[in-house]
Amino acid sequence: MERLRQLFEAKFAEAERADPLGAPMFMDTVQAASYHRIRRDILQWVLEMLPSNDNPTRADAFTTLRAANVARQKEWDASNQISLSYRGNELAGEVGEACNVIKKIERERLGIAGSRDTVEHLAEELADAIICIDLIAAAEGIDLDAAVRSKFNATSEKVGLLTRLVAA
Ligand SMILES: [Mg+2]
């Protein structure tokens, strides 16, 4: 996959450097400019779709989490007794833990006396909440990737914003 990325990066760099009028002989200057622009856009699109070292799971972060959650629950709750209401309480607990960290971070920013906390700990509690949310979605057969995309885009549409989440 990395070799494929390097190949497309080289082709993209080549397209960026190319003389816009240096297209195949049968093209006039307008066609040549259009040819180069489209070629560059296609290469850029392919590069955006390819996983990178920086973000190897960007295409399917929810899918990866779901697979790990399902596998781990077989270890953790072999007789499958955890109920939806248990998960609901768990989620409220994790969100509460995150909120308590946020309170302490804010307390320090405001210079108010009391215990302190860290952004690293906040990251842990936010991760716990996401993991728990996926467990709830798994129990109810929800495709979280599709649900997040659909709701994100519906909100953008409702509020009149241009940003959209597209499928991986
Ligand atoms: Mg926690």
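**Helices and their packing**

Mentor: The protein has six helices and zero strands; helices (H or I, at least four residues) and strands (E, at least two) are DSSP runs, numbered from the N terminus. This is a predicted model, where local features need pLDDT of at least 70, side-chain atom pairs count only at pLDDT 80 or more, and totals for chains, interfaces and linings use all residues. Residues are numbered from 1 along each chain as its sequence is written.

Trainee: What share of the 168 residues is buried?
Mentor: Buried residues make up 5% of them. A residue is buried if 20 or more other C-beta atoms, placed from the backbone, lie within 10 Å of its own, exposed if 12 or fewer, and partly exposed in between.

Trainee: Which residues of α5 are buried?
Mentor: In α5 they are E125, A129, C132, L135 and A137. Their cover includes α3, α4 (84-110) and α6 (144-159).

Trainee: How do α4 and α5 sit, roughly parallel or roughly antiparallel?
Mentor: Their axes cross at roughly 160° and come within 9 Å, so α4 and α5 are roughly antiparallel. Axes are lines fitted to C-alpha atoms, for helices over the stretch in contact, and angles run from 0 to 180 degrees between N-to-C directions. Under 35 degrees counts as roughly parallel, over 145 as roughly antiparallel, 65 to 115 as roughly perpendicular and the rest as oblique.

Trainee: And which residues make that contact between α4 and α5?
Mentor: Among them are L91, V95, A98 and I102 of α4, and L122, E125, A129 and C132 of α5. Contact means C-beta atoms, placed from the backbone, within 7 Å. The residues of the α4 and α5 contact divide into 16 nonpolar, one polar and six charged. Ala, Val, Leu, Ile, Met, Phe, Trp, Tyr, Cys and Pro count as nonpolar, Asp, Glu, Lys and Arg as charged, and the others, Gly among them, as polar.

Key. Contact = placed C-beta atoms within 7 Å.
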